[in-house]
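Have the viewer open as you read.

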Amino acid sequence: MSPALPRSCHGPGSRYTARAAFSRTRSHRKARHINLAPLVHRLTERDLWLAWMLHEHRVLTTQQIARLAFPSLRTTQRRLRTLYEYALLDSFRPLVQSGSSPEHYALGPAGAALLAAQAGCELSETGWRPSHTGRIAYSPTLGHDLGTNELLTLLGAHTRTTSARLPLWLSERSCTRRWGDLVRPDAYAHWSDGRHEVPFFLEYDTGSENLARVEAKLASYAAFTTSTGTRPALLIHTSTASREAALRRHLTEPARSLDLRVATASADFTTDTPWGPWWLPLNTPTRRRPLAELGTCWEDLSPAQQEQADQADSPLTLPVTPLPPAEPAPRP
């Protein structure tokens with residue numbers, strides 16, 4: 001039996017014992033030989049979008065993919081099974097102490113080859129390796145990554161049926177590539193309800209870091225504001241209301257002295273509506289507000305990243321739209 005692996009103590013994934021145990025098998029032909037030509041007439045624009053999303057965000061569950069891109073969970077499961085058979089995706093299902101966990105999807109060998117072909121580069125430049133899915137499954141940050149993606153996929157799904165917009169969502173890796181010499185947030189995004197816009201960095205706090213370490217990050221965000229001349233909000237999402245209260249007591253004075261725009265919320269409030277009235281600004285004695293209304297608290301917010309492609313981006317680093325392209329209507 002393999003030794004126990006470190007994992008998050010709080011939040012989604014806290015009960016996972018990571019293992020790359022595939023519940024389905026591919027034929028040897030598909031697993032060993034990647035021939036993209038037969039897939040040309042089988043892959044839709046949504047399939048290609050999903051491959052790019054998994055390249056950007058590393059891992060998404062069936063439910064997360066369903067809420068962003070499909071009309072129902074059953075339709076999602078059928079299509080993901082097919083894409084797994086094509087080797088566009090890989091999947092694993094972590095062990096849990098009780099019940100069962102959802103299928104987790106990562107980029108597969110054919111998916112990586114397809115992205116390399118579309119970007120006009122070698123497969124090695126995509127960063128994909130045969131151990132790619134196993135490394136994600138065993139990663140001690142799996143729960144943290146899933147929690148971050150859960151928040152952003154909920155925001156993205158909300159835009160499918162409302163006037164709200166999530167035009168930009170960058171992963172931790174993309175943030176590090178752009179701003180890693182100054183800050184390393186867990187995500188960066190733009191949120192709008194049609195009236196107010198809020199560009200924000202996200203810190204997804206699972207409670208594993210002590211308060212002093214969280215406080216130390218504020219100086220980096222202040223340095224970012226000074227260096228770039230931009231002012232996105234900093235949203236800190238915590239695991240519990242008690243953790244949020246402790247953070248607020250510890251961070252209020254440093255945030256004020258550094259002139260930062262910080263708001264907090266916890267999983268005890270946000271549940272499945274992170275756009276709702278759960279965000280409480282620091283330094284502003286007020287009620288909890290919907291995410292978009294933070295723009296009325298801080299009228300000097302400005303984006304750190306334009307929604308359009310940056311000149312420094314390559315085809316492999318271009319931002320991926322949080323929602324897939326519209327599927328064409330079926331032929332009569």
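Start with the sheet: it is open, built from 3 strands in the order β1-β3-β2, with antiparallel pairing. Each of β1 (60-61) and β2 has a single partner strand and stands at an edge, so one side of each is left without a neighbour in the sheet. As a reminder, strands in a sheet pair through backbone hydrogen bonds, in a parallel or an antiparallel sense. Keep in mind that all of this comes from a predicted model.

Now zoom in on β1 and β3, which pair in the antiparallel sense over 2 bridges.

Next up is α4, the helix lying across β2 and β3 and running at about 110 degrees to β2. Helix α4 covers residues 73-85, so to speak a run of 13 residues, and its first and last C-alpha are 18 Å apart, close to the 18 Å expected at 1.5 Å a residue.

Which residues of α4 are buried? They are T76, R79, L80, L83 and Y84. These cover an arc of only 145 degrees around the axis, which puts them on the same side of α4. That buried set packs against α2 (45-57), α3 (62-69), β2 (89-92) and β3 (104-107).

One last stop: just after α4, A87 takes a positive phi of about 70 degrees.

Technical notes: Residues are numbered from 1 along each chain as its sequence is written. This is a predicted model: local features need pLDDT of at least 70, side-chain atom pairs count only at pLDDT 80 or more; totals for chains, interfaces and linings use all residues. Side-chain values use heavy atoms; hydrogens and water are left out. Helices (H or I, at least four residues) and strands (E, at least two) are DSSP runs, numbered from the N terminus. The expected span of a helix is 1.5 Å times one less than its number of residues. Buried means under 20% relative accessible area, exposed over 50%, partly exposed in between (1.4 Å probe, protein chains only). The arc is that of the directions from the helix axis to the C-beta atoms. Contact means heavy atoms within 4.5 Å. Two strands pair if DSSP finds at least two bridges between them. Axes are lines fitted to C-alpha atoms, for helices over the stretch in contact, and angles run from 0 to 180 degrees between N-to-C directions.
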